[in-house]
Amino acid sequence: MVSLPPSVRIRGRFAPSPTGILHLGNLRTALASWLSVRARGGEWILRMEDVDTTRSRRELGEAQIRDLVALGMESDGPVLWQSERGDCYREALDSLDRKGLLYPCDCSRKDLALLAGAPHEGDGLRPYPGRCRAKAAREGRAMRFLLPPGRVLWQDLLLGSQSDEPEHLTGDPLLFRRDGCYAYHLAVVVDDGEQGVTEVVRGADLRAVTATQIRLQEALGLRRPDYAHLGLVTSSDGSRLGKRDGGLGLAALAERGISPGELLGWLGWSLGCLEAPEPCLATDLVHAFAWDRVPHGPIAIPSSWE
Ligand SMILES: [Zn+2]
């Protein structure tokens, strides 16, 4: 285990999934995580969440790294690829198993849809109803974490005090999938712990899984990082970014004549670093970044970019 003395270093991370391009929401999260640690002299590391080998592609990850470098954000140290870390995740699973905190689950997607009334996995909205938790004869290849009951209190750098009951948000999370992939919650918690990450900046869509991940950290004896959940980037009319705008990244903006500097200016303005969106470098924004200046809600892209 690589673990750092708790109070010593500020270390942030950006951890995209290499399943597509980095869109505006991803780039805004990347910049906020980078600025937050740079403003305090900390380190920033990049991690590729390609643990889902069925959807991830190495070349997409390489392209994401190039986009970040083009915007002036470079990983301090080598980029970690989760697909290469199966042994670490196995070790963590074994340790949970020894503590009696794992159980097999043989629910199919169909079972879960019938039980929950809607797809539950991944969206954080429908908790796993615990169908296999209570079974006397437990079987199945997939493994779930036995979530301890009760409320989790945590601080969000942006949103302040938070209080959640993970059993009503995610329910017992899947840690190992029946297709043989380690699941997101396990990989993210193990990696943040082993990489000595002290702060996690990510989109508000992941706020609902934070309490679950904190429970998993506790079970694995890992340090709890600080969290910040940023408002999502929306279309200019405030609606959720659709397929069309979802493809809006560095390359699509370049086609519209938007330079990396203009994009950084808009992102910096959207994070409260600038009075107006004026072209700049990422380093120009560092001195002005502070969490209490970052707006809480969603942020709409300029209509001229659509
Ligand atoms: Zn089940």
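**Entry 1: the domains**

Domain bounds, as I use them here, come from an automatic or database domain assignment. I kept in mind from the start that this is a predicted model. I looked up the division and found two parts: domain 1 covers 11-82 + 231-301, and domain 2 covers 86-186. Next I checked how far apart they sit, and their centres, taken over C-alpha atoms, are separated by 29 Å.

**Entry 2: where the domains meet**

How many residues of domain 1 are in contact with domain 2? I got 10 residues of domain 1, in contact with 10 residues of domain 2. The area buried between the two domains came out at about 860 Å², and carbon and sulfur atoms give 60% of that area. Which residues in domain 1 lose the most area to domain 2? My list reads Val51, Trp291 and His296, which together make up 56% of what that side buries.

I then turned to polar links across this interface. The rule finds 2 residue pairs in polar contact there, both at pLDDT 80 or more. For salt bridges, the count between domain 1 and domain 2 is 1. I also looked at Asp52 and Arg177, whose side chains meet in a salt bridge at 3.3 Å, N to O.

**Entry 3: salt bridges in the whole structure**

I noted a total of 23 salt bridges in the structure. A reminder to myself: side chains of opposite charge can pair when their charged atoms come close. One of the pairs I picked out is Asp192 with Arg13, where the closest N and O atoms are 3.0 Å apart.

**Entry 4: a three-stranded sheet**

Now for the strands. I found an open sheet of 3 strands in the order β4-β5-β8, paired antiparallel. Which strands form the edges? They are β4 (102-105) and β8 (174-176), each of which pairs on one side only. From one strand to the next, the twist averages 45°.

I took a closer look at β4 and its partner β5 (residues 142-145): the two run antiparallel and are joined by 4 bridges. Within this pairing, Cys105 stands opposite Ala142 in β5.

Which helix lies across β4, β5 and β8? I found helix α3 (residues 86-98) there, running at about 120° to β8.

**Entry 5: a hairpin**

My last stop was β6 (residues 152-156) and β7 (residues 160-164), which pair in the antiparallel sense over 5 bridges. A hairpin of 3 residues joins β6 to β7. To find my place on this pair, I used Gln155, which stands opposite Ser161 in β7.

Definitions and conventions
Residues are numbered from 1 along each chain as its sequence is written. This is a predicted model: local features need pLDDT of at least 70, side-chain atom pairs count only at pLDDT 80 or more; totals for chains, interfaces and linings use all residues. Side-chain values use heavy atoms; hydrogens and water are left out. Two strands pair if DSSP finds at least two bridges between them. Axes are lines fitted to C-alpha atoms, for helices over the stretch in contact, and angles run from 0 to 180 degrees between N-to-C directions. Contact means heavy atoms within 4.5 Å. Buried area is the accessible area (1.4 Å probe) that two parts lose on being put together, summed over both. A salt bridge is a side-chain nitrogen of Lys or Arg within 4 Å of a carboxyl oxygen of Asp or Glu. A polar contact is a pair of N or O atoms within 3.5 Å; within protein, one must be able to donate a hydrogen and the other to accept it, and residues adjacent in sequence count only if both atoms are side-chain atoms.
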